[in-house]
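Please examine the sequence and the structure shown below.

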Amino acid sequence: MTAVPLTDLFEPTPVVEARGGTLEARGVSAWFGSNKVLERVSLDMPANSVTALIGPSGCGKSTFLRILNRMHELVPSARLNGEVLLDGVDIYADGHRITETRKRIGMVFQKPNPFPAMSIGDNVLAGLKLTGIKASRSEKEGIIERSLTRAGLWKEVKDRLKEHGSALSGGQQQRLCIARSLAIEPEVLLMDEPCSALDPTSTRRVEETIAEIKEQITIVIVTHNMQQAARVSQQCAFFLAEMGTPGGIVEAGTTEQIFGEPVDPRTFDYVNGRFG
Amino acid sequence: MTILLEPDQHPAEAPDDDQPRSIDPALPPGDRVFHGFAHVIGLSTLVIMGAIGLFLGYQSIPTFRRYGLGFLTESQWQPEQDVLGISAVLLGTATVAVVALAIAFPLALTSAVYISEYAAPRVKSFLVSLIDLMAAVPSIIWGLWGFFLLQPKAIHVAHWLHTHLGFLPFFHVDTDPEAAPWAQSRYAASAFIAGIAVSMMVLPMAAAVMRQVFSQAPPGEREAALALGSTRWGMIRTVVLPFGRGGIIGGTMLAMGRALGETIAVVLIISPAFEIKFKPLEVGTSTVSALIAGRFGEATSSQLSALLTAGFVLFIITLIVNTLAAMIVARSRSGAVTD
C-alpha cells in the first residue's frame with residue numbers, strides 16, 4: 001500500500017500512483033479441442049489507456065481477452081500458442097504462478113457476480129482474503145472506501161456495508177465487482193462487455209468510472225456497442241471471423257483512426273453499421 | 001392508432017381507466033384430467049404417510065394406557081416381569097446414529113469435494129459409479145462384513161481409543177485397558193462397530209447429494225474468484241461450499257434418517273443390552289429397529305403393541321428430523337436441487 005500524503009486528506013478523490021502495465025500480445029492463436037478460434041493475433045495495449053476490442057459476435061474477442069489473464073485454460077479442451085507480455089515478461093513462461101498473474105491482471109465479467117454469501121464490505125475485501133494479503137482493520141476500512149470510491153459506489157453504499165452483496169441493483173452490483181477487482185491494485189483491468197446487462201444510467205456510471213481509473217490502470221474492454229467504444233477508448237482493435245475460419249484482428253489503431261478513417265473496407269462497413 | 005406522448009409526458013401519466021381484465025382460466029379437458037390425476041397421486045403419498053402414523057398411533061394406545069409415559073423413561077425390557085421401556089433403546093439408536101454420522105459426514109464431504117472439483121473427467125465417472133454401487137450393497141452384507149471382517153480389527157481401534165481418551169465418559173469402557181491380556185470381548189458387539197457398518201451404508205447417499213449440489217455452484221462466481229487470483233481451494237471455500245450448504249445439511253439429514261432406522265446390520269453385530277449409557281465403545285447396546293426385529297417373533301399381543309409403540313416413537317422422531325432438514329434446505333440456495 002502506498003502512504004497517503006497529508007494533502008490528500010483535503011481532496012475528494014483518492015490519489016493512487018499511476019502504475020498501469022503495458023500488455024502486448026504476440027502471435028496468439030487459440031483452439032478449443034481441434035477447433036481453431038483465433039488466428040495469430042498481435043496487439044499492443046499501452047499503459048494507462050483504454051483499448052477497446054470491437055467486432056461482431058463470435059469472432060474471438062472474449063476468447064482473446066480471457067487469454068490475457070490465463071482464464072482461457074480453465075476450459076479443459078482449451079489450448080493456445082503465442083506470447084502475452086506484461087511489462088515485457090511473458091505471463092505464460094514456465095515458473096510464473098497463475099495466481100500471481102491474475103492478481104496483476106484483473107477481470108470484470110458481463111454478468112455481475114458479487115459473492116452473495118458475503119456482505120458488501122466483505123465482497124470488496126474478497127480479493128485480499130483469497131490471495132492471502134494481510135491488512136490491519138483500519139487498513140481494510142481504508143481499502144474498502146478507496147475501492148468503492150474509485151468504482152463510483154461509495155456514496156450509495158457507505159451506510160450499508162454490512163448488507164448482502166446481492167441486495168444491490170444490477171448496475172450497483174457491477175460497480176461492486178469493479179471495486180472488488182480494484183481492491184487488490186491490479187496493473188491491468190480486463191472488462192468483458194461490462195455494460196451489456198445494464199440499464200443506460202448504470203452504463204453511464206460505469207463509463208465514468210472507466211474514464212477516471214484509466215489514469216492509474218490499463219484497461220482492455222470488449223464491447224459490442226460501437227458508440228461505447230468510441231466514447232471510452234483511446235485505441236481500438238477490430239476483430240472479425242469469416243464463416244468457418246478462426247477470428248483475427250482486421251485492423252487496429254487509435255479510436256479516431258478506426259472510426260474516422262478506417263483503412264480496411266470491412267472495418268469501414270462495421271463501424272458504419274453495415275453489418276454486425 | 002399510434003399513441004404519441006408529449007415531450008415531458010410519461011407513459012404512466014395516461015388516464016387511469018386501465019384496469020386488468022379477467023381471463024377465463026379454463027383448461028382443455030386433457031389437461032384437466034391430468035391435473036386431477038396428479039393431485040390424486042400427490043395426495044395419496046400424504047394419505048399413506050398419515051395412515052402409517054395413525055396405524056402405529058392406534059396400536060400404541062394399549063401400551064400407553066398400561067404403562068403410561070413411564071414407557072418412555074423405563075430402560076429395562078423384561079416382558080416376563082411386565083417391565084417395558086424404550087429409553088435405553090432410544091439412546092442406543094441415537095448412539096449408533098451419532099457414530100455413523102461422525103464417520104460418514106467427513107468422508108462424504110471430502111469425497112464429494114474431490115469428485116466434483118478435483119477429479120479428472122474419466123476418473124470422475126468411475127468414482128461416481130463406485131459410490132453408487134456402494135449404495136447398492138444389501139444391508140445384510142454390510143452386517144456380515146461388520147461382524148466377521150470388521151469387528152476383529154475394530155476392537156483394537158476401540159481399545160486404543162479407550163486407552164488414550166478413556167478419561168472422557170464417551171470413550172469409557174467398563175474394563176481395564178492396561179491389563180496384559182485386555183478383555184477383547186468387552187469391546188465387541190458395540191455401538192461403535194455397528195456405527196461403522198451403518199456409516200458405510202449412509203455414506204453414498206450423503207456423498208451423492210453433496211456432489212450434485214457442488215456441481216451446480218454458479219460458474220460466474222467461480223470465475224470471479226479465480227479471476228481475483230484465488231487458488232482452486234480458495235475458490236471452493238468461498239463459492240462452492242457456501243453455495244452447497246443446503247445440500248450438505250440436506251444430505252447429512254437424509255443419512256441420519258437412514259441411520260436411525262437401519263435394522264439388519266445392527267441386529268447382526270450388536271449384543272442387546274438395556275442400559276442408559278452413552279458409551280459406544282462398550283459391548284452391548286440396543287436400537288429400536290433391532291429391538292423390534294429381535295423380539296417380533298416371540299411377542300405376545302401386548303408385547304407386540306409395545307414394539308409397535310417403539311416403532312411409532314421412531315417414526316415421529318424420523319419425521320421431525322426430516323422436516324427440520326427440509327426446512328433448512330428449502331431456505332438455502334442449493335435447496336432447489338436436493339430432494
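**Two neighbouring helices in chain A**

Helix 6 of chain A and helix 7 of chain A are roughly parallel to each other, because angles under 35 degrees count as roughly parallel, over 145 as roughly antiparallel, 65 to 115 as roughly perpendicular and the rest as oblique. The structure is a predicted model, in which local features need pLDDT of at least 70, side-chain atom pairs count only at pLDDT 80 or more, and totals for chains, interfaces and linings use all residues. Residues are numbered from 1 along each chain as its sequence is written, while chains are lettered from A and ligands numbered from 1 in the order in which they are written.

- The axes of helix 6 (residues 170-182) and helix 7 (residues 200-213) of chain A come within 9 Å and cross at roughly 20°; axes are lines fitted to C-alpha atoms, for helices over the stretch in contact, and angles run from 0 to 180 degrees between N-to-C directions.
- Helices (H or I, at least four residues) and strands (E, at least two) are DSSP runs, numbered from the N terminus.
- Helix 6 of chain A contributes A:Gly170, A:Gly171, A:Gln174, A:Arg175, A:Ile178 and A:Leu182 to the contact, and helix 7 of chain A contributes A:Thr201, A:Ser202, A:Arg205, A:Val206, A:Thr209 and A:Ile213; two residues are in contact if their C-beta atoms, placed from the backbone, lie within 7 Å.
- Four nonpolar, six polar and two charged residues form this contact of helix 6 with helix 7 of chain A; Ala, Val, Leu, Ile, Met, Phe, Trp, Tyr, Cys and Pro count as nonpolar, Asp, Glu, Lys and Arg as charged, and the others, Gly among them, as polar.

**Overall form of chain B**

- Chain B has 12 helices and two strands, and their order along the sequence is α-α-β-β-α-α-α-α-α-α-α-α-α-α.
- Chain B is more spread out than a compact globule, because its radius of gyration is 27 Å, well over the 20 Å that the globule rule gives for 339 residues; the radius is taken over C-alpha atoms, and the rule is 2.2 Å times the number of residues to the power 0.38.
- Along the principal axes, the C-alpha atoms of chain B fill a box of roughly 100 × 60 × 35 Å.
- Of the 339 residues of chain B, 38% count as buried; a residue is buried if 20 or more other C-beta atoms lie within 10 Å of its own, exposed if 12 or fewer, and partly exposed in between, with C-beta atoms placed from the backbone.

**Where chain B meets chain A**

- In chain B, 15 residues are in contact with 19 residues of chain A.
- Helix 7 (219-227) and helix 8 (232-243) of chain B each supply at least two residues of the side that touches chain A, and the largest share, seven residues, comes from helix 7 of chain B.
- That side of chain B divides into seven nonpolar, six polar and two charged residues.
- The buried residues of helix 3 (residues 120-131) of chain A include A:Ile120, A:Val124 and A:Leu130.
- The buried residues of helix 3 of chain A pack against helix 4 (137-150), helix 5 (154-157) and helix 6 of chain A, together with helix 7 and helix 8 of chain B.

**Residues with positive phi**

- A:Arg70 has a positive phi of about 60° although it is not a glycine, and lies in the loop between helix 1 (61-68) and strand 4 (78-86) of chain A.
- A:Arg70 is buried, with 20 other C-beta atoms within 10 Å.
- B:Ala189, likewise not a glycine, has a positive phi of about 55° and is placed in the loop between helix 5 (139-165) and helix 6 (191-214) of chain B.
- B:Ala189 counts as buried, with 22 C-beta neighbours inside 10 Å.
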